Structures are given as structure tokens and as C-alpha cells.
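Welcome! Please take a moment with the sequence and the 3D view before reading on.

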Protein chains: 2
Amino acid sequence: MTVPVTAPADVDAIVERAATASAVWKRSTIADRVRALTAIADALDANADELISIAQRETHLAEARLRGELKRTSFQLRLFGEVLEEGTWLDARIDHADADWPMGAPRPDLRRQLEAIGPVLMFSASNFPFAFSVAGGDTASALASGNAVVVKAHRGHPDLSVATTRVVRDALASVDAPEGLFDTVYGTQAGVQALKAPQIQAAAFTGSISGGRALFDIAASRPQPIPFFGELGSVNPAFVTRSAAAERSQAIATEFLASVTGSAGQLCTKPGVLLVPADSDLEALFQQAALPAAAPLLNPGIADGFRTSVEQTAARADVSVLAGAPTAEGDPAPVLLKTTAAALREDPEGLIAEMFGPGALVATYDDEAELVAVAEVLDGQLTATIIGEASDAVAAELIPVLSTKAGRVLWNQWPTGVSVTWAQQHGGPYPATTAVGSTSVGAAAISRFLRPVTYQNVPDALLPAALQDANPLGIPRRVDGVLEA
Amino acid sequence: MTVPVTAPADVDAIVERAATASAVWKRSTIADRVRALTAIADALDANADELISIAQRETHLAEARLRGELKRTSFQLRLFGEVLEEGTWLDARIDHADADWPMGAPRPDLRRQLEAIGPVLMFSASNFPFAFSVAGGDTASALASGNAVVVKAHRGHPDLSVATTRVVRDALASVDAPEGLFDTVYGTQAGVQALKAPQIQAAAFTGSISGGRALFDIAASRPQPIPFFGELGSVNPAFVTRSAAAERSQAIATEFLASVTGSAGQLCTKPGVLLVPADSDLEALFQQAALPAAAPLLNPGIADGFRTSVEQTAARADVSVLAGAPTAEGDPAPVLLKTTAAALREDPEGLIAEMFGPGALVATYDDEAELVAVAEVLDGQLTATIIGEASDAVAAELIPVLSTKAGRVLWNQWPTGVSVTWAQQHGGPYPATTAVGSTSVGAAAISRFLRPVTYQNVPDALLPAALQDANPLGIPRRVDGVLEA
């Protein structure tokens with residue numbers, strides 16, 4: 001695979017074209033945008049065979065997984081089209097002038113909506129070459145909300161990035177979108193240069209804590225700091241209650257292992273820590289389980305990183321190997337390590353840390369109160385899972401604590417396989433994400449690249465369509481404080 | 001006036017108590033919170049005479065202005081109560097499980113709402129001792145959304161901060177709010193210490209660019225970066241079209257001067273630059289105008305800063321004095337400086353800069369196209385104003401450009417006097433604010449200190465009330481993508 005690098009002058013030109021195109025696209029109609037999103041989705045589907053073939057070669061992910069991911073990617077482009085047409089995303093508010101406003105001074109006519117923020121820089125992820133890459137969720141959200149997009153390709157799948165960029169650009173050209181609305185840059189320096197470019201008004205990232213924090217710091221230290229939507233890392237702890245372990249330990253063991261080893265454990269929502277009752281048979285079930293065979297990881301760097309984190313954790317006095325072979329040569333084999341809930345509480349930073357690959361840590365507890373105590377020492381997470389029975393008293397204690405630690409709290413389901421829906425939330429407190437108020441998946445992601453603008457006393461003919469008296473877009477609006485759906 | 005300083009151990013204790021109280025308050029009912037906000041509003045009103053008397057002594061602002069500001073402050077506490085009860089602020093979304101979800105995999109049951117982010121640190125402003133201070137908008141928003149508040153008092157009004165803190169704490173105690181839910185720290189070091197405290201989950205600030213940027217940098221460089229809602233500075237340019245100047249120059253001159261010199265020019269929305277046609281009589285009207293007498297500013301530092309910025313600007317070759325006395329001793333007198341639109345375009349950073357006090361820069365233009373050209377070189381602004389006629393062709397060009405530069409765009413009204421309403425927006429691109437997606441005034445400010453959480457497959461009895469099937473709160477919700485108001 002050849003890894004292209006975009007020259008500095010070309011980065012400048014791409015960013016400048018994006019700024020020009022963004023100003024035009026900001027004024028595009030909802031119909032224009034739906035047409036563009038649909039054209040990209042159709043083109044991705046039409047080119048699926050070619051794209052998936054390149055992705056298999058570059059990422060070593062299985063064909064079925066990649067086909068599912070590509071379907072999800074075109075689906076989310078179309079879902080943003082539905083979101084656009086529904087119109088609530090504009091958060092349109094109209095306050096008519098009111099001489100008797102009880103604040104103590106007359107209220108002027110005020111009309112507020114959300115508008116495009118400007119060109120968005122999107123750093124692709126290695127582990128989702130479609131859904132969190134060139135044509136992924138942030139690209140869909142940014143285009144939907146009226147912004148140009150500059151993608152920083154991931155070095156792990158350069159040929160796929162080139163091919164996907166061509167598909168997206170051709171699709172946009174076919175619907176006469178502005179030239180320069182979408183383009184891709186290659187190479188670490190090109191990404192940093194684009195992040196520092198004054199034209200760029202927001203950035204999004206999915207990847208490691210170290211890489212994401214470095215980019216967040218650059219975004220925050222610009223002369224004009226910009227919003228940085230980074231997804232950095234998550235352990236996704238899962239808590240098995242005593243009664244659930246007693247009722248259905250075999251199913252729990254099987255499902256947990258499937259969630260840990262799917263996509264060779266290279267998912268941001270992989271459950272990395274499982275708390276189980278010490279006196280259950282779960283430990284024995286894991287020891288007897290037939291773990292999947294070793295599979296190639298995304299790239300040698302990720303394989304090395306996984307092996308190192310497993311070795312370092314296994315070398316601790318409070319950790320032992322429960323199942324699998326932690327130090328194998330070649331492709332890393334799945335592995336389960338073992339510790340105690342007490343050890344997690346003693347050293348949460350050391351033990352509750354992401355192992356990116358097919359491994360997890362099983363921690364035994366003696367008393368269900370330890371579940372709440374472990375929850376209380378967690379860092380921010382994308383997800384937290386309870387495997388329990390509705391009659392478990394501990395659940396009512398655990399859920400409110402977990403809701404302060406994670407963006408998604410699950411009950412008797414596993415966190416991998418993130419559904420793209422209206423109510424999805426993918427993002428939690430730091431370090432799970434750097435922008436805790438936001439999601440990177442689902443309909444609410446359209447709010448990322450928007451900012452509010454209020455028009456005061458502006459004549460109807462000069463107002464944006466969403467705020468005109470006649471409501472020409474037919475969207476839900478809040479008028480004088482009352483939501484009119 | 002004695003300026004109290006909170007000792008480091010006391011800051012630690014206050015922050016720790018806030019964290020404990022915040023966890024309790026997060027689970028409070030909407031009724032609990034409305035009761036608390038109402039109690040504070042009532043207590044502020046009941047103690048108005050005492051508070052205003054202290055405020056007059058410490059800030060030199062006029063009694064009528066302070067009475068209006070206090071009324072606004074108690075009003076916005078009550079408005080947040082209305083916002084809470086209406087319920088849209090929760091952004092409740094319910095997706096039922098759907099085996100045929102077209103993404104390609106079954107959709108689980110997903111339910112999403114916004115929840116309190118955790119303890120909020122609020123830096124008070126000097127120029128609004130009530131509305132942007134101890135019991136101001138960010139305090140109201142944070143308490144309404146279920147968070148504890150730690151206020152950093154402004155050194156400009158310490159006695160008022162102590163008195164207001166007592167009023168707020170007594171009011172909260174009267175409704176049995178958790179101990180430690182609200183407290184105040186004093187001194188620069190105490191503020192920085194609190195900002196670095198791991199318990200603090202968000203911060204808000206209103207003040208200067210230099211001070212705000214320093215605090216933003218601290219918030220961004222924490223091990224866990226936190227959202228920092230800073231309002232830093234704004235010039236609030238106003239654009240007078242040729243026809244408006246021809247139609248009603250006297251009214252424009254009078255209204256502009258009133259907006260510039262109200263509260264001695266110490267408002268974040270003061271129009272600091274006015275563009276007028278060179279061939280209108282506006283220049284002459286300003287020269288003949290009776291400017292208000294010099295009035296004491298908030299404190300000697302602000303007076304010195306104003307004098308310095310006026311002197312430095314007036315000393316430029318492309319600037320002259322239009323009206324007033326820029327170098328007076330004692331209280332600074334109102335002053336208008338004069339330049340050209342061409343000069344603004346040549347050096348926007350040097351000329352389009354905040355002069356905090358009773359002064360402004362009047363810039364003449366020859367061609368209305370210069371209005372658009374000046375708009376294009378603007379930095380981020382809280383507001384931008386057009387004084388025009390509906391028939392002005394330039395308006396349709398100017399409004400879309402100004403909407404990319406400012407959070408509020410006004411037509412034939414002046415930007416000072418920010419109304420607290422459902423549709424208000426107070427916040428624009430940097431440096432106007434550091435969090436461009438947010439507002440510090442109005443109903444939408446309730447979103448500042450919230451974060452989304454999705455519950456997957458959680459039994460009804462374990463869900464937060466807003467997400468339970470029966471909709472016990474009776475709030476608008478999005479169910480399977482459809483908004484049910």
C-alpha cells in the first residue's frame with residue numbers, strides 16, 4: 001500500500017476551497033442537502049464491492065463485518081436526510097415583541113435558529129474504515145448541517161480513503177454541490193496543518209487517548225480555539241449481579257466472549273472489564289471456554305500495543321491469566337486476565353484501562369456493594385453495562401452512579417454494535433470524549449457543527465426561511481415559549 | 001471595602017461539599033428545583049433595598065439601572081422555573097426496539113435524556129453585579145439543570161457578593177436544598193484553585209479577553225478538560241445604510257449615543273464601531289451633540305484601561321477625535337473617535353477592538369459595498385446591527401455575512417439591553433465567546449450544564465421519570481423519531 005502525503009501548499013488550497021464552498025453550502029436548502037446525502041449513500045452502495053475489497057486488504061476485517069459497516073454508513077447518510085426534513089434540528093424559536101414582558105423592559109421581536117459553524121476537519125479512525133472514516137458519521141453530520149468537510153485520512157487504509165473520497169466527490173458533483181465542499185488530506189503533518197488553519201471552525205476525531213489529546217490541545221491553543229469532538233478511549237465495564245450469574249452464567253459467558261472478540265476486540269465499545277461474583281461458576285466457564293482463534297489485527301502497531309498492554313497487566317501481582325495465551329507470537333490470541341474488585345478499587349487508573357484488541361479483565365467480587373464502589377471510581381466511559389435481574393436491589397443504586405460515568409447505560413445487552421437511531425448516545429465524560437455534551441452517532445449528532453443565531457426585529461423578507469412568519473419549511477417551532485410541533 | 005480571600009483549605013472544602021450536594025441535587029425533582037429558584041428570586045426581591053445600596057457604593061452604577069438589573073435577575077430565575085416545567089430541555093427521546101430497523105441490524109430499546117453535568121464554577125463579572133454575578137444567569141441555569149454552583153466573586157463588589165451569597169444560601173436552606181449546593185469563593189488564587197479541582201465539571205466566565213483566555217487555557221489543560229463557557233469581549237459594530245442616514249440621521253445619532261454611553265459604556269453589547277455614509281450629516285450631528293457628563297466607571301482599573309485604549313486609538317494617523325475629550329483627568333468623559341471604513345478594512349485587529357467605557361469609533365464609507373467588505377473582516381461578535389430601510393439592497397447581502405460573525409443580528413434597534421426570553425442568544429464566535437454553540441442569556445442557556453445519557457433496554461421501573469413509558473412528567477418527547485409535544 002502506498003501512503004500518500006498531501007503537500008503543505010495543497011493543504012492550504014483544500015482548506016481555502018472548503019471555506020469558500022462552506023459559505024455557499026450554508027445557504028443551501030434542505031432539499032439540496034438531502035439530495036447530496038442521498039447521492040453519497042447511493043454511490044457508496046453502488047461501489048460496495050470495490051470498496052469492501054480494498055477495505056479487506058487494508059484492514060484485515062472480515063467481509064461480513066465490512067458489508068454491515070458500509071450498510072450502516074449509507075443508512076446514516078439517509079437518516080440525516082430524514083432528520084433534516086423533520087426540522088427540529090434548527091431549534092427554531094420565535095418571540096414576538098411584547099411591551100408587557102415581565103422582565104421589566106419591553107421584549108423585542110427575537111427569532112433564533114441553529115446555523116452551520118463553518119468548515120469541519122474530520123480525523124478518520126482506523127477501526128471503522130467506513131462508519132468513522134471518509135464518508136462516516138461526522139462527515140454526514142457536517143454536510144447535513146451545512147458545512148464543508150476536510151477529511152484527514154487514516155494511514156491504516158490509504159487506498160480505501162482515496163477510493164471513498166473519489167466516490168463522495170463524484171456523488172457531490174452529480175448533484176452540483178459547490179466545488180471544494182469535500183476533500184481529503186493525507187499525512188500527520190497535513191492533519192496538524194489543517195487543524196491550525198484559521199478557516200477550520202470545528203474538528204472531530206476518533207482514536208487513541210494520546211493522539212486525541214494531542215490534537216485537542218492544538219485545537220484549544222489556536223488563536224481562535226475551536227470545538228474539538230474527540231472520542232479517545234473507553235473500557236466499557238460490565239457488572240454481573242449475583243442473581244444473574246446464578247440464573248444464566250453460561251449465556252453470560254458466551255455473550256461476553258462474543259462481545260470481547262468480535263472484530264478482534266477492536267471496537268471502542270468492547271467490554272474491557274467484567275465484574276462477576278467470586279462464588280459463581282463464571283470463572284470456571286471462562287477457563288473451559290473455547291476462545292476464538294488468533295486473527296490479524298488492523299495493523300502491526302495495534303497488535304504490538306495490545307500485546308504490550310496485556311503483558312504489562314498480566315505481570316502485576318494482583319492479576320493472573322484466566323484463559324488464553326497472552327504472549328503468543330504472530331497474531332495476538334484472545335486472552336482473559338483475572339483480578340479482584342478490590343484491586344480495581346485500589347488502582348483504577350492502572351487496571352481499568354483500555355486494552356485495544358481481543359482481551360478483557362475479569363474481576364471477582366464478594367459483596368454486591370463492591371459493584372457500586374467500583375462504579376464510583378470509574379473514569380468517563382462510552383458505555384457501562386449491568387447484567388442483572390429486575391429484582392436486584394443493587395441495580396437501583398448502580399444505574400444512577402453509572403449514568404454519571406457513561407454516555408450509555410445498558411441492561412442485559414452488550415455494548416458492542418452501536419445502533420444508529422434517534423435516541424442513540426455515543427460519547428461520555430473524558431477521556432471517553434472531549435466534548436461531553438455531544439454524540440458522534442445517531443440523529444442528535446447533527447447538533448455538533450451548528451451554532452445559534454438570533455435575529456432581532458428583522459423584517460420577514462430578510463429572515464432565514466425557518467424563522468419567517470409563514471413557517472415555509474413547515475417545521476416544529478417554539479413560538480412565544482410554546483412548542484408547536 | 002474589605003476584599004475577602006478564601007484560604008486554599010476552605011476552597012477544597014467548598015468544592016468537595018459542592019460535589020456531594022451536586023450528586024444529590026441531580027436526582028431532585030423538577031418541583032424541587034422550581035421551588036429553589038423561586039425562593040432565591042423572592043429573597044432577592046425582598047432584600048432589594050439592602051443589595052442595591054451596597055451595589056451602588058461598590059460599582060458606582062445608578063440606582064435605576066441596578067433596580068432594573070435586579071428585577072431581570074429574579075425574573076430569569078423564575079423563567080428557568082417555567083423552562084424546567086415545560087420539559088423540552090430534557091430532549092427526551094425514546095426509540096422502541098425494532099427488529100426491522102433498516103440499518104441492517106435490529107434496533108434495541110434506546111432512551112435518551114439530558115442530565116446534570118456536575119458542579120459548576122461561575123466567575124462573576126464586574127459590570128453586572130446581579131445578572132452576571134453571584135445569583136446571575138449561569139447560577140440560575142446550573143441550579144435549574146441539577147448542578148451545584150461554586151461562585152468566584154468579582155473583586156469589584158466583594159460586600160455585595162457576601163450579601164448576595166447569604167441571601168441565596170438562606171433561600172436554599174429554607175427549601176431544604178442540600179447543604180453545600182451553593183457557595184462562593186473569593187480571590188484570584190481561589191478561583192484558579194477551584195478551576196483546577198477535579199470535582200468541577202464546567203466553568204462559566206464573563207470578562208476580558210486576557211482574563212477569560214487565561215482561564216480557558218487552564219480549563220483546557222486540566223488532566224480532564226472541562227467545558228468553559230467564556231464571554232470575553234465584543235465590539236458590536238453597527239452599519240448605517242445610506243437611505244437610513246438620509247431619512248433619520250437625528251434619531252440615529254441620538255439613539256446611538258444613548259446606547260454607547262448608557263451604564264457609562266460598560267456593557268458587553270455596547271456598539272463600539274458605527275459605519276456611516278461620508279456624505280451624510282451624521283458626522284456633523286455627532287460634533288454638535290451634547291455628550292453626557294463624565295461619570296465614574298466601575299473601578300479605577302477600568303477607567304485607566306478605557307483612557308489608555310482611547311489615547312492609543314486617537315494617536316493613530318488614521319484616527320481623529322470627533323467629539324468629546326479623550327484625555328480628561330478624573331472620570332473619563334464620553335468620546336467619539338473618527339476613522340474610515342477603508343482604515344477598518346486595512347487594520348481590523350487594531351481598529352475594531354473593544355474600548356470598555358463611554359467611547360466609540362465612527363467610520364465613514366463612500367460606497368455601501370464597503371459595509372459588506374468590513375463585515376467580512378470582523379472577528380466574532382456578540383451582536384451586529386444594521387440601521388437600514390427594508391428597500392436597501394445591501395441588507396440582503398449584509399445579513400448573511402453578519403450571521404456568520406455574530407450571535408445576534410439586529411435591524412433598526414440597538415444591541416444594549418439584552419432581553420431575557422425563549423429566543424435570546426447571547427454569545428458568538430471567538431473572542432465574543434469560547435463556546436460558540438451556547439448562550440449565556442435566555443431559556444436556551446439551560447443546555448449549558450447538561451450532558452446526554454442513553455439507557456439501553458433498561459426496565460421501566462429503573463428508568464428516569466422522563467423516559468418511562470407513561471410519561472409521568474407530561475413533557476414533549478421524541479418517540480420513534482416523531483416529536484410528541
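Predicted model: local features only at pLDDT ≥ 70, side-chain atom pairs only at ≥ 80, totals over all residues.

Residues are numbered from 1 along each chain as its sequence is written, while chains are lettered from A and ligands numbered from 1 in the order in which they are written.

**How the two chains relate**

- Two copies of a chain are related by a rotation about an axis and a shift along it.

**Where the chains touch**

- Between the chains, 69 residues of chain B are in contact with 69 residues of chain A; a contact means that the C-beta atoms of two residues, placed from the backbone, lie within 7 Å.
- Several elements of chain B each supply at least two residues to the side that touches chain A, among them α4 (63-86), α8 (209-221) and β14 (406-411). Helices (H or I, at least four residues) and strands (E, at least two) are DSSP runs, numbered from the N terminus.
- β15(B) gives the most to this side of chain B, with 7 residues.
- By class, this side of chain B has 37 nonpolar, 20 polar and 12 charged residues. Ala, Val, Leu, Ile, Met, Phe, Trp, Tyr, Cys and Pro count as nonpolar, Asp, Glu, Lys and Arg as charged, and the others, Gly among them, as polar.

**A sheet that spans both chains**

- Strands of a sheet pair through backbone hydrogen bonds, either parallel or antiparallel.
- In what order do the 12 strands of the open sheet run? The order is β17(A)-β16(A)-β1(A)-β2(A)-β15(A)-β14(B)-β13(B)-β8(B)-β9(B)-β12(B)-β11(B)-β10(B), and the pairing is mixed. Two strands pair if DSSP finds at least two bridges between them.
- The edge strands are β17 (482-484) of chain A and β10 (320-324) of chain B, each pairing on one side only.
- From one strand to the next, the twist averages 20°; the axes are lines fitted to C-alpha atoms, for helices over the stretch in contact, and angles run from 0 to 180 degrees between N-to-C directions.
- β15(A) and β14(B) pair in the parallel sense over 3 bridges, and Thr454(A) has Arg408(B) as its bridge partner in β14(B).
- At the chain B end, β10(B) and β11 (residues 335-340) of chain B run antiparallel, joined by 4 bridges. Ser320(B) stands opposite Lys338(B) in β11(B).
- Helix α9 (residues 242-261) of chain B lies across β8, β9, β12 and β13 of chain B, running at about 155° to β9(B).

**A closer look at strand β2 of chain A**

- Is strand β2 (residues 110-116) of chain A largely enclosed or largely open? In this strand, 7 of the 7 residues are buried, so it is largely enclosed by the rest of the structure. A residue is buried if 20 or more other C-beta atoms lie within 10 Å of its own, exposed if 12 or fewer, and partly exposed in between, with C-beta atoms placed from the backbone.
- β2(A) runs antiparallel to β1 (residues 93-95) of chain A, with 3 bridges between them; Ile94(A) has Arg111(A) as its bridge partner.
- β2(A) also runs antiparallel to β15 (residues 450-456) of chain A, over 7 bridges, where Leu110(A) is partnered by Gln456(A).

- Arg478(A) lies in strand β16 (residues 477-479) of chain A.
- Arg478(A) counts as buried because it has 22 C-beta neighbours inside 10 Å.
- Although Arg478(A) and Ala92(A) are 386 residues apart in sequence, they are 6.3 Å apart in space, C-alpha to C-alpha.
- Not counting residues up to four places away in sequence, Arg478(A) touches Arg93(A), Leu483(A) and Trp422(B).
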